[in-house]
Amino acid sequence: DVRSNRDGDSLALGADDFLPIFIWVLVRTGFEQAEFESDYLWGLLDPALMSGEGGYYLTTLSGALMAIRQITVTQPKRPSRLPCIGDLQGLLRVEVPVDRLAENVSCFKTFQIDSTMTAKTACAVISQKLNNSRPEN
C-alpha cells in the first residue's frame with residue numbers, strides 16, 4: 001500500500017505499519033473464525049508459493065493472531081459503556097401531574113415493575129406509591 005506525506009509525495013507502507021493496523025482491524029471486526037481460516041489456508045497453500053505474496057499475507061495473518069492471543073484484557077474500574085435497553089428492563093417511567101389545577105406542569109417518576117405484572121397490577125402499584133386512591137387515573 002502507498003500513502004502520501006504532507007508534500008504529496010508517496011511513501012510505502014511497510015510491515016511495521018501494516019501489522020498493527022491489521023491487528024486492529026481483526027479485533028474490531030470480531031472475525032471469530034480467523035484462526036480456523038488461517039489453519040485451513042496453511043493446509044491449502046502450495047509450499048512453492050510461500051515465498052510470494054500469498055505466503056507474506058498468510059504469515060502476517062498468523063502473526064496477528066498470535067499477537068492477539070498474547071493480549072491480556074483488564075477490567076476497567078468504572079463502566080466504559082453507555083446504558084443499554086437491557087439495563088432498563090423492569091423500570092417504567094411515568095409522567096405525573098404536579099398540580100391538578102395547573103396545566104402542563106408535571107414531573108417524571110420511575111417505578112420498578114416486575115415483568116410478570118399485568119397493566120392493571122402495574123397501575124395499582126403506581127397508584128399506591130403516588131397515594132392515589134383511583135388507579136384508573
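This is a predicted model: local features need pLDDT of at least 70, side-chain atom pairs count only at pLDDT 80 or more; totals for chains, interfaces and linings use all residues.
Local features need pLDDT of at least 70, side-chain atom pairs count only at pLDDT 80 or more, and totals for chains, interfaces and linings use all residues. Residues are numbered from 1 along each chain as its sequence is written, and side-chain values use heavy atoms, with hydrogens and water left out.

Reader: Which pattern does the chain follow along the sequence?
Author: Helices (H or I, at least four residues) and strands (E, at least two) are DSSP runs, numbered from the N terminus. The chain has four helices and four strands. Read along the sequence, the pattern is β-β-α-α-α-β-β-α.

Reader: What percentage of the residues in the chain is buried?
Author: Buried means under 20% relative accessible area, exposed over 50%, and partly exposed in between (1.4 Å probe, protein chains only). The chain has 137 residues. The buried share of them is 15%.

Reader: At what angle do helix 1 and helix 3 pack?
Author: Helix 1 covers residues 15-29 and helix 3 covers residues 53-70. Axes are lines fitted to C-alpha atoms, for helices over the stretch in contact, and angles run from 0 to 180 degrees between N-to-C directions. The axes of helix 1 and helix 3 lie 9 Å apart, and the angle is about 60 degrees.

Reader: Which word describes helix 1 relative to helix 3?
Author: Angles under 35 degrees count as roughly parallel, over 145 as roughly antiparallel, 65 to 115 as roughly perpendicular and the rest as oblique. The angle here is about 60 degrees. Therefore helix 1 is oblique to helix 3.

Reader: How many residues in the contact of helix 1 with helix 3 are nonpolar?
Author: Contact means heavy atoms within 4.5 Å. Residues of helix 1 including Phe-18, Phe-22 and Val-27 meet residues of helix 3, among them Tyr-56, Thr-60 and Ile-68. Ala, Val, Leu, Ile, Met, Phe, Trp, Tyr, Cys and Pro count as nonpolar, Asp, Glu, Lys and Arg as charged, and the others, Gly among them, as polar. In this contact no residue is charged, one is polar, and the nonpolar count is 14.

Reader: Is Thr-60 buried or exposed?
Author: Thr-60 sits in helix 3. Not counting residues up to four places away in sequence, Thr-60 touches Phe-18, Leu-19 and Phe-22. With a relative accessible area of 10%, Thr-60 is buried.

Reader: How far apart in space are Val-27 and Ile-68?
Author: Val-27 belongs to helix 1. Val-27 is partly exposed, with a relative accessible area of 47%. Val-27 and Ile-68 are 41 residues apart in sequence, but their C-alpha to C-alpha distance is 7.8 Å.

Reader: How many charged residues are in the contact of helix 2 with helix 3?
Author: Helix 2, residues 34-44, packs against helix 3 at about 145 degrees, with axes 10 Å apart. Among the residues that meet are Glu-35 and Trp-42 in helix 2 and Leu-58 and Arg-69 in helix 3. This contact has six nonpolar and three polar residues, and the charged ones number two.
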